[in-house]
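Open the model in your viewer and keep the selection panel at hand.

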Amino acid sequence: MICWNKIEDFHIEEPTALSLGKFDGVHRGHEALIEHLLEKKKEGLKAVVFTFDVPPKKLTENNNYRVLSTNKEKQEILKERGIDYLLECPFTKEVMCMEPEAFVAWIVKSLHVKSMVVGSDFRFGHNRKGDHILLEKLSATYGYTLRVVDKIQYEGRDISSTFVREQIIKGNMEKANDLLGYPFFVKSEVIHGRQLGRTLGIPTINMELVAEKLLPPKGVYATAVEIGGKYYTGVTNVGCKPTVNHSNKVNVETHILDFSGDLYGYELKVSFYSFIRPEQRFSSVEMLKEQMERDIETSRSRMMSINGDM
């Protein structure tokens, strides 16, 4: 997959099928759009996703906005789905103020668009004045076909990034994963920690994530860790480790079951499956170790019931 994040690179000679949107989390609602692009690939069109390098809400509404998937994670997901081009458009003032008609003319000509697919709630252009009705109106002028995909529902509610985000904030990983269509994950390089877990006989890997990544509530989770294409059961703590640490900085720390080896410097993927318990302060390191051992068995049991013997 080719990924561009500079407007001057946005030029494709081959005929394309295009979908536009935020694609945060690339959840089950987005899958319907991607399926259409993959169908068009069979007709000889290149599959293109157009999104923004920074969520517009982060710049226009809330600087503390957290994403379900970082740009790097989004790239990984879309590449696995078979997308040919991912365009991460800078959300510049020029783009933000572009009138909807001018926006359509720009992307259709620059990207050689022959087919377009959007969600029924898609909005674009200055003050979000553009919608699928305008895209349908302009399709004859610019020579592309348009498919509008209705929202997919879950328990009577439209699947959306907001819906997924709400479940993760609650720590409801099972429901969040149902909405996503895959386990919510974090991916980062393994860094050096204080190595307390090693002294307790329960070594852990430490991950420092980018600030804009949404994390579930502080607590302990049953997880899976991908190492060299193989998955291992993990027990992951999201939080500040209050028993041994006086910092408020939130970290992600994982003990990998049935694995031994040096992983420093490796980029690992940790997928969250189930909330075990909230983070808590223990009166002694010994009590912390006893609880960690119980957490390990809880995670082993839950992951066996979910995925069998990984």
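Which residues in α5 are buried? Select them: Pro-100, Phe-103, Val-104, Ala-105, Trp-106, Ile-107, Val-108, Ser-110 and Leu-111. Buried means under 20% relative accessible area, exposed over 50%, and partly exposed in between, with a 1.4 Å probe and protein chains only. Helices (H or I, at least four residues) and strands (E, at least two) are DSSP runs, numbered from the N terminus.

Before going on, note that this is a predicted model: local features need pLDDT of at least 70, side-chain atom pairs count only at pLDDT 80 or more, and totals for chains, interfaces and linings use all residues. Residues are numbered from 1 along each chain as its sequence is written, and side-chain values use heavy atoms, with hydrogens and water left out.

**Stop 1: helix α5**

9 of the 12 residues of α5 are buried, so the helix is largely enclosed by the rest of the structure. The cover over its buried residues includes β2 (16–20), β3, β4, β5 and α6. Now check the length. Step just past the helix to His-112, where phi is positive, about 55 degrees.

**Stop 2: Phe-124**

Select Phe-124, in the loop between β5 (113–119) and α6 (132–142). Is Phe-124 buried or exposed? Phe-124 counts as buried because its relative accessibility is 6%. Leaving out residues up to four places away in sequence, Phe-124 touches Pro-100, Phe-103, Val-104, Lys-129, Gly-130, Asp-131, Leu-134 and Leu-135. Contact here means heavy atoms within 4.5 Å.

**Stop 3: helix α3**

Move to residues 71–81. The buried residues of α3 are Glu-73, Lys-74, Glu-76, Ile-77 and Leu-78. They pack against α1 (28–41), β3 (46–52), β4 (85–89), β9 (185–191) and β14 (267–278). Just after α3, select Gly-82: its phi is positive, about 100 degrees.

**Stop 4: the whole chain**

Zoom out. The protein chain has 10 helices and 14 strands. Its C-alpha trace spans about 70 × 40 × 35 Å along the principal axes. Of its 310 residues, 50% count as buried. Among contacts with a separation of 6 or more, 73% join residues 24 or more positions apart.
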